[in-house]
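Visitor: I have a structure open and would like to go through it. Can you help me read it?

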Amino acid sequence: MTERVRESQVTKKPRSVRQLAVRHAMPLKIALGWLALLALWEIAGRQQWVAGGALPSPSGILGQLVVDWHDYPEHIRATVRTSLLGFLLGNLVAVLVGFLMASWRPAGRLLSGVNVTLFAMPPIALTPILIIAFDGDAPRIALAALSTYYPTMVATVLGLTRVDARLLDLVRLYGGGRWATLRWIRLRHALPTLLAGLRVAAPNAVLGSLLAEFGSGSGAGLGHYLIGSLGRGDPARLWGIGLVATAISAGFYLAILLLARGWVGRQAPAQESLGGSSGGSMSRASRLLCLAISITLPVLLWWGAVWGLERVGVSSFVLRSPPELVAELFSTMRPESLTSIVGGALAQTVPWCLAGMLVGLAFALLLAIVGTLSPVLGRVLMPLSLLTQSMPLVALTPLIVLIFGRDGATILAITISVTFFPAYVTLAQGMALVPAATLDCVRVLGGSRWREIGLVSLPWSLPYLCAAARLVAPRAFLGVMIAEWLATGTGVGNLLNVARGSLDYGLVWAVVVAAVLVSVLLYLAVTLVEHWVLKRYAMAPAP
Amino acid sequence: MTSAGLHIDRVSRRFDVDGRSLLALDTVSLDAPAGSFIALIGPSGCGKSTLLRMLAGLDQPTSGELHVGGETPQALQQRGALGIAFQEASLLPWRSVESNVRFPFDVIGRMTRADRERVREMIALVGLQGFEQALPSQLSGGMRQRVAIARALVSQPQLLLLDEPFGALDQILRRSMNEELQRLWLNRPVTTVMVTHSVDEAIFLADKVVVMSGRPGRIARVVDIPFPRERPLSLLASAECRKLEAELLALMFEGGTSDRSGSRTGSERGDD
């Protein structure tokens, strides 16, 4: 009986004034923290503290936004239209591939090469080729679609497969087959995970569309507007465009979040990293065969795409199939060989990428530690960092150019800004997951907060540090390339731009393939380091 | 539907783990009349759960045969004549209490007016009236387990399978759930096979306690429990009961090598 009484109280909520005050104290402090940041920004803007007015005050930005408003609707419509179409197309493909991978195990292995390429590939690298091959909205839609594919595909596979095995047994027990488990368990179970994936994919679609606009000529779209306004040196307008792009992105994000809340409530999505889980009982020979196919598949896709484009009438003058490109790479007809041009550019780009990534990670780790020492600071920073995930951060590059000028400092600043926030979110989540009992072991022995962090929190977050590095490696490469393209005029980023301008299509293809390849190799190298470190300390990879 | 007797004839089960063949069950035979309550006890890794999964038709013996009332478990599955409850209640988190209890009828694909009535009746029997529309996340552990038991019984199965159903509950709650389960079972004595780690739970509920030993899994002894129904919880404090408990514990320790490797049989891996 007593148990019944206890149960009936389960859903009751605390009502007393004191409890309410305690519950609202934290949000109040966080809101104050936000207000303080905003006030600081306003003062800094009015006093022109940063780079002679490159950082305008919030009120100045809003004022400029009102003045320019007549320009916006056309650009907003174009960006929303292309990113929405790309979002739908990319997710359709991603969900179909996810279903295939979930229902047929070898598919995951065979497609791993394509998936890693699509994840690690810097979207901007594909821009020149998309612009050569398509016209109109198509390059933007294609890049938006390519940018949404990965998170949705992973979410579909996770949602469909990471199901409590007992629930599947239950359906089988009542005579249900594959179709019944799909209908009653898997589909509904996948829903929250799929929606979480779509939420990540939405800002990616906006970013993809903007990046394609960066690369193509004139036209409607916020990316065009941003590039067009860059030369005018009007910081408030650039900030206004950045804010509108962010608002569109955040709008997509929120729309899906609300849809998810209404549809699946607060049911948590499944989490697991995709790597290494598809083990199973395969012989060594068939595993090697799968590996070979998975490496060849992206190349075959490239070849197939070129073949298809030639069929629909794109001039073969601008296209290069894999063997054609290889032949051109080693051709002696050119004044300077392609390999030495591309190699020289890479030698400029890669060191910046590594440096930016390391500094970004170190900065994130430092702030995660500060965040655990001062929870209020952590809770002011966390929503800010989550907000930046719905922000096409690299699209704000022109603003950083305004602040830091056109040299190495800009490259570093952009690379850190695109790596810091995701790394911080991952690390802070890792540190928040340290079991209280383990921390108590240190506390019971009279250890200080520093000892807790040094002996427990830091080692505990090692897998999260590795996951953060894996996550940000391709982003760092993208950041450096965008900085080089828009600001410094050096390295691979600049070469992408220059090659297209000089109509040297062999060079365009060589740079694009090299950029994708290096980004993938960088990602794989980080994955290898992660694997080695975690094996050394017998830890499981973080999601 | 009436309940059915159990006939397990020289059943063995081998698993291939990392290329090595592991004998999880070694020629196990057991007979039990219809309407009896069997408890399987033994050390971890002795094959209790493997045996239970084969009775549920979720796994096939490598050799030997199992029959329930003359039918194979697969035949029972097709008729919706089995019921099961697991250690973690394993409810569908997106379904309400009422909808979780109704779930078997959804999978079987038919629900008569009588079935609908039966769903309501089962919810009342496990004492959850008023919580029909609650989601599992809003319930306590004991309440969730009651939903799981209601779900297992709602289709009036001929064989009820319980895989450590109260293993995740505290001792006091476990006792009161044992009492409730006995009441439900006396209400309609369905043939029941329960895997448990708790010796006193086995004595309190079962007609026969099957003590298993590990590596490979074998039946060490089948012990009949003589106490008449309905058994009061105070029975567990009696001298007779204590003596029986001591005997069973001794059997478990002498027969079963303790499970040092900590690995579980292949069939049990699915959980998170």
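**Domains and backbone**

Guide: The centres of domain 1 and domain 3 of chain A, taken over C-alpha atoms, are 21 Å apart; the bounds come from an automatic or database domain assignment. This is a predicted model, where local features need pLDDT of at least 70, side-chain atom pairs count only at pLDDT 80 or more, and totals for chains, interfaces and linings use all residues. Residues are numbered from 1 along each chain as its sequence is written, while chains are lettered from A and ligands numbered from 1 in the order in which they are written.

Visitor: How many residues does each domain give to the contact?

Guide: Domain 1 of chain A gives 27 residues and domain 3 of chain A gives 24. Two residues are in contact if their C-beta atoms, placed from the backbone, lie within 7 Å.

Visitor: Which element gives the largest share on the side of domain 1 of chain A?

Guide: That is α12(A), with nine residues. Helices (H or I, at least four residues) and strands (E, at least two) are DSSP runs, numbered from the N terminus.

Visitor: New topic. Which peptide bond ending at B:Pro216 is cis?

Guide: The one from B:Arg215, with omega near -10 degrees. B:Pro216 sits in the loop between β8 (208–213) and β9 (218–224) of chain B.

Visitor: And what is the phi of B:Glu164?

Guide: Positive, about 45 degrees, although B:Glu164 is not a glycine.

Visitor: Is B:Glu164 buried or exposed?

Guide: B:Glu164 counts as buried, because it has 20 C-beta neighbours inside 10 Å. The cut-offs are 20 or more other C-beta atoms within 10 Å for buried, 12 or fewer for exposed, and partly exposed in between, with C-beta atoms placed from the backbone.
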